[in-house]
Amino acid sequence: AKLAVEIRRKNILIVQSVIRMWACAKYRKSARKVALTCQSAYKGGLVREMLDFQHYCATRIQAALRGFLGFLTFIDTVTQIILIQSICRMRRQRRRYVLHTEAERLRRQMKLELLRNVTLCQTIVRRFLALKFVELLRYARDTKAAVVIQTNYRRHVATDNFLWERREHNSAVTIQTSYRRHMATSAFSLTVSDAVLCQAAMRRFVAQKRTTQLRKAKCATRIQANWRRCLASEYFIFMLSDVILCQSVVRRKIAIRCYDNLLARREAATKIQAAYLGYMGRVSYQTTIDGIV
């Protein structure tokens, strides 16, 4: 009976240890399955988020490109319109300049005709005075006066011609300066707009690159945290199973050690009870015999 009880206790402890090991293995498989499901869901979410981000980036790039192409088309149209306006204005100014030149030429011709008529009149007057035997002093005075008049008139004509030529030169210089300033301003505006567009594109590219790096770092951190949590969970499960197994082994050892002491106590109690019951039986039997006798 003692051997059977001991064998039964050993079998119960073995069955308990096997059941605990099976439960730990099952829990590990379920935890691994749950971890794989979570990882696949997390990776799918990251891929969908990256795909949405790529679609958004492509849309923004297309919008920026279309805006830049529209801006270039607008600049080309405005440049052509300005060029056509400048050509029309140049033709109009040229016509005005030709008309003005023709008027000045006619005015000069009229002045020359007037000078010829004056000279002719002076010649006629001098001839008339010479024919009338004007006094020599008067003739000399008249001659001097005529020379002074001619000198002043010629100086006035020369001054008018010089002022007109100077005004024409200044007008040509002003027109050239205005045209060159307009061309330089147009070129500078185009250069500034191109530089601003290039800076905007470069800053957008750098910002997108930094955002992508930050998102990659964040995703890597999340993956590392999840992986470390999974490893910690597996390590905890293994440690728990090992602790449970060690506890079961220690309890089995303690139970085996205490079994002999408990069995000795039980045997002593059984012997004491048997001796007491024997004694009481004998006393009762002796009392019964005495009563009968």
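Visitor: Which helix do glutamate 102 and arginine 105 both lie in, and how many residues apart are they?
Guide: Both lie in helix H1, 3 residues apart, which is about one turn of the helix; helices (H or I, at least four residues) are DSSP runs, numbered from the N terminus. This is a predicted model, in which local features need pLDDT of at least 70 and side-chain atom pairs count only at pLDDT 80 or more, while totals for chains, interfaces and linings use all residues. Residues are numbered from 1 along each chain as its sequence is written, and side-chain values use heavy atoms, leaving out hydrogens and water.

Visitor: What do the side chains of glutamate 102 and arginine 105 meet in?
Guide: They meet in a salt bridge at 2.0 Å, N to O (a side-chain nitrogen of Lys or Arg within 4 Å of a carboxyl oxygen of Asp or Glu).

Visitor: How many salt bridges are there in the whole structure?
Guide: A search finds 3. Glutamate 104 and arginine 107 form one of them at 2.4 Å, and glutamate 113 and arginine 116 form another at 3.0 Å.

Visitor: What about glutamate 113?
Guide: Glutamate 113 is partly exposed at 40%, and about one helical turn of H1 separates it from arginine 116.

Visitor: New topic: where is valine 283?
Guide: Valine 283 belongs to helix H2, and this residue is partly exposed, with a relative accessible area of 35%.

Methods: Helix = DSSP H or I, 4+ residues; strand = E, 2+ residues; numbered from the N terminus. Buried < 20%, exposed > 50% of the residue type's maximum accessible area, 1.4 Å probe, protein only.
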